[in-house]
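I opened this model to look up a few residues, the two chains that hold them and the contact between those chains. My entries follow in the order in which I made them.

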Amino acid sequence: MNTEVSVLYFAKSAELTGLKSEIITVSSNVTSAQLWQHLEEKHPRLTVIRDQVVLAVRQEYVPLSEQPLTLREGDEVAVIPPLSGG
Amino acid sequence: MALNGRDAISLTTDKLSADAVSESVTCASCGAISLFIGTTRDHFEGMKVVRLEYEAYVPMAELELSRICSDIRTKWPSVRHINIQHRLGVVPVTEASVIIGISSPHRSDSLEAVKFCIDTLKATVPIWKKEIYESGEPRWKENKECLWADGGLIPKVN
């Protein structure tokens, strides 16, 4: 089943896509790796950060893996480059 | 939580004040206030840094900071008040980007809790820092504490 979720871009990922956010439609049992693949296909410049990125789904960190995400309509997914707070 | 212990968390573009943080965690039954101030350095690998710019995923950063406060209170139950302030936007060199203040009855708990707080903040809170140099391209920094930084600990799954 397809679900509409919002994707937030931060730091380097926002610069690479030229976006702060967008709405995408994906299968609700997409894996984090597949979701990233989808974003890379839309924004090929994201490839350069592929090995140093995790996602945050409903404000919980999710590494890129084969685990299905169980997305719900309206969920917020964020692209999280390496942290540099503090 | 210690009786009437307060957690104060703020993400702000305003200039931070160590005096204000210290006053906010003061309490009559505490013999110790420990403060950490993170300031911006003027150089990186021989390049002159003119300023830092900070960005945050604000709702999740607040959530992670409140988790840190909760972890602190579990590990050091005597901790009384906690105040964590992180600046966002432009931070000129030598100004504070983060201030952490923690009070406790005796000094070892607040000292240890402050160290834990900044170490965990650097590993888990979704805040990013960009260094702007006098010459050369700006660079997004990466904390070595972050598991998914280059050379980090998270195994990559292809």
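**Entry 1: A:Leu83**

I looked up A:Leu83 and found it buried, with a relative accessible area of 0%; here buried means under 20% relative accessible area, exposed over 50% and partly exposed in between, computed with a 1.4 Å probe and with protein chains only. This is a predicted model, in which local features need pLDDT of at least 70 and side-chain atom pairs count only at pLDDT 80 or more, while totals for chains, interfaces and linings use all residues. For the names I note that residues are numbered from 1 along each chain as its sequence is written, that chains are lettered from A and ligands numbered from 1 in the order in which they are written, and that side-chain values use heavy atoms, with hydrogens and water left out.

A:Leu83 sits in the segment after β5 (76-80) of chain A, where strands are DSSP runs of E of at least two residues and helices are runs of H or I of at least four, numbered from the N terminus. From C-alpha to C-alpha, A:Leu83 is 19 Å from A:Ser21, and 62 residues separate the two in sequence.

**Entry 2: A:Ser28**

Next I went to A:Ser28, which belongs to the loop between β2 (21-27) and α2 (32-42) of chain A and is buried at a relative accessible area of 18%. Which residues does A:Ser28 touch, if those up to four places away in sequence are not counted? I listed A:Met1, A:Thr3, A:Leu69, A:Thr70 and A:Leu71, contact being heavy atoms within 4.5 Å. I also noted that the C-alpha atoms of A:Ser28 and A:Glu4 are separated by 8.6 Å, the two residues being 24 apart along the chain.

A:Arg58 has a phi near 50°, lies in the loop between β3 (54-57) and β4 (60-62) of chain A, and is partly exposed with a relative accessible area of 32%. B:Thr94 has a phi of about 80°, is placed in the loop between β6 (89-92) and β7 (96-104) of chain B, and counts as exposed at 62% relative accessibility.

**Entry 3: chain A as a whole**

Chain A has 2 helices and 5 strands, which run β-α-β-α-β-β-β from the N terminus on. Its radius of gyration is 12 Å, close to the 12 Å that the globule rule gives for 86 residues, so chain A is as compact as a globular protein of that length; the radius is taken over C-alpha atoms, and the rule is 2.2 Å times the number of residues to the power 0.38. The C-alpha atoms of chain A fill a box of roughly 35 × 25 × 20 Å along the principal axes, and 58% of the 86 residues count as buried.

I also recorded the charges of chain A, where 7 side chains are positive and 11 negative, with the centres of the two sets 5 Å apart. Lys and Arg count as positive and Asp and Glu as negative, whereas His and the chain ends are not counted, and each charge is placed at NZ of Lys, CZ of Arg, CG of Asp or CD of Glu.

**Entry 4: chain B as a whole**

For chain B I noted 3 helices and 9 strands, in the pattern β-α-β-β-β-α-β-β-β-α-β-β along the sequence. Among contacts in chain B between residues at least 6 apart in sequence, 74% join residues at least 24 apart. The mean positions of its 19 positive and 21 negative charges are 2 Å apart.

**Entry 5: between the chains**

How many residues of chain B are in contact with chain A? I found 35, which meet 28 residues of chain A. The area buried between the two chains is about 2,600 Å², of which carbon and sulfur atoms give 57%; buried area is the accessible area (1.4 Å probe) that two parts lose on being put together, summed over both. On the chain B side, B:Tyr57, B:Trp128 and B:Trp148 lose the most area to chain A, together 31% of what that side buries.
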